[in-house]
Amino acid sequence: QVRVVESGGGLVQPGSSLRLSCTRSGGMFSTFTVSSMAWYRQTPGKKRELVALLSNSGATDYSDFVKGRFTISGNNNKIYLQMDSLEPDDTAVYYCKFDLLVSGHTHVDYWGQGTQVTVSS
């Protein structure tokens, strides 16, 4: 069974930095590849939103509200989100997701349980 676990959240002051980690382990499929990896975030009452994405080719994409401040990196088993110049609006539960391509034709998403990031003075 695939397991995805995030870590690194916490309480920080505005302007600070934080680095989130996410590790994928296990796998029940005989043939799969990691299609992409991503970080999302969610606040109470709002939809989960994409923060940053890393494709298996190494291409990255960022939401406008984090461009220039956040950096996604990693590999097929572990990804990171370096968050700099944090703002109170960045407060949210952050989730990572691995998109696995099974047998070359079926996408299956695996999510972590989330890690809380709170930016407050």
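Let me start at S85, which sits in the loop between strand 8 (78-83) and strand 9 (92-102), where a strand is a DSSP run of E with at least two residues, a helix is a run of H or I with at least four residues, and both are numbered from the N terminus. Please keep in mind that this is a predicted model, in which local features need pLDDT of at least 70 and side-chain atom pairs count only at pLDDT 80 or more, while totals for chains, interfaces and linings use all residues. Residues are numbered from 1 along each chain as its sequence is written, and side-chain values use heavy atoms, with hydrogens and water left out.

Now, what is the phi of S85? The value is near 50°, which is positive in a residue other than glycine. For background, most residues other than glycine have a negative phi. S103, placed in the loop between strand 9 and strand 10 (106-111), also has a positive phi, near 55°. S85 counts as partly exposed because its relative accessibility is 40%, and S103 counts as partly exposed because its value is 43%; here buried means under 20% relative accessible area, exposed means over 50%, and partly exposed lies in between, with a 1.4 Å probe and protein chains only.

Let me step back to the whole protein chain, which has zero helices and eleven strands, so its radius of gyration of 14 Å, close to the 14 Å that the globule rule gives for 121 residues, makes it as compact as a globular protein of that length. That radius is taken over C-alpha atoms, and the rule is 2.2 Å times the number of residues to the power 0.38. Along the principal axes, the C-alpha atoms fill a box of roughly 50 × 25 × 25 Å, and 40% of the 121 residues count as buried.

What lies inside? The largest nonpolar core has 28 residues, and those with the most contacts inside it are W39, V51, F70, L81, M83, Y94 and F98. Among the elements that give two or more residues to this core are strand 4 (32-42), strand 5 (49-55) and strand 7 (70-74), while strand 9 gives the most, with five residues. By a nonpolar core I mean a set of buried Ala, Val, Leu, Ile, Met, Phe, Trp, Tyr and Cys residues joined through side-chain atoms within 4.5 Å. As one example, V51 is in contact with residues including W39, F70, L81 and Y94, leaving aside its neighbours within four places in sequence, where contact means heavy atoms within 4.5 Å.

Beyond four places away in sequence, R19 touches S7, G8, Y80, L81 and Q82. R19 and T60, by C-alpha atoms, are 17 Å apart in space and 41 residues apart in sequence.
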